[in-house]
Amino acid sequence: MSIMRDVLGHYTITGPQTENDILKAAEDILRRKLERLGSVGNPKDSSDFLRMRLGALKAEQFHVMWLDNRHRILDVQKLFDGTVDGASVHPREVVRAALNVNASAAILAHNHPSGVPEPSAADRAITHELRDVLQLIGVRILDHIVVGATETVSMASRGLI
């Protein structure tokens with residue numbers, strides 16, 4: 001495999017590895033970096049990881065980064081698959097997943113296959129619904145990150161949590 005960079009700064013991958021292989025390797029590198037940090041203390045670290053994990057997907061997916069009470073990563077799970085313009089998120093299943101890993105906090109994330117990470121009204125509504133239901137079992141939502149092709153939007157940084 002070789003990676004070539006053209007004069008515009010774009011990279012081309014040649015050889016038996018695919019673009020998905022490279023993205024998976026980048027996701028693994030960012031995950032190991034988060035694990036070395038021991039906890040999620042910086043929204044940029046989790047945003048970078050989630051952008052690599054979700055940014056190139058052709059259909060919407062909903063993921064959750066589960067954290068303990070010191071914000072150490074317990075697990076990162078894909079909970080729901082969707083279509084090009086939405087994913088159905090079921091609060092009952094999110095609660096079940098939180099209880100299964102014994103989480104104390106969560107960072108929600110989903111992608112917008114359009115590439116534009118602007119949170120929709122539906123994104124805000126499900127975030128509030130999940131905040132309320134998870135609060136009943138003692139799990140705090142720290143952020144909901146909307147992932148576009150090249151950038152992310154933190155709903156917490158916009159005051160939408």
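Predicted model: local features only at pLDDT ≥ 70, side-chain atom pairs only at ≥ 80, totals over all residues.

Student: What is a nonpolar core?

Tutor: In soluble globular proteins, nonpolar side chains tend to be buried together. A nonpolar core is a set of buried Ala, Val, Leu, Ile, Met, Phe, Trp, Tyr and Cys residues joined through side-chain atoms within 4.5 Å. Buried means under 20% relative accessible area (1.4 Å probe, protein chains only). Here the largest core has 17 residues. Phe 62, Trp 66, Val 89, Val 94, Leu 130 and Leu 134 touch the most other members.

Student: Which element gives the most to this core?

Tutor: Helices (H or I, at least four residues) and strands (E, at least two) are DSSP runs, numbered from the N terminus. α3 gives the most, with 4 residues. Another core, of 11 residues, lies apart and includes Leu 54 and Leu 67.

Student: Is β3 buried or exposed?

Tutor: Buried: 7 of its 7 residues. Phe 62, Val 64 and Trp 66 point one way, while Gln 61, His 63, Met 65 and Leu 67 point the other way.

Student: Which strands pair with β3?

Tutor: Two strands pair if DSSP finds at least two bridges between them. β3 pairs antiparallel with β4 over 7 bridges and antiparallel with β5 over 6 bridges. Leu 67 has Ile 73 as its bridge partner in β4 and stands opposite Ala 105 in β5.

How values were computed
Residues numbered from 1 in each chain as written. Heavy atoms only, no water. Buried < 20%, exposed > 50% of the residue type's maximum accessible area, 1.4 Å probe, protein only.
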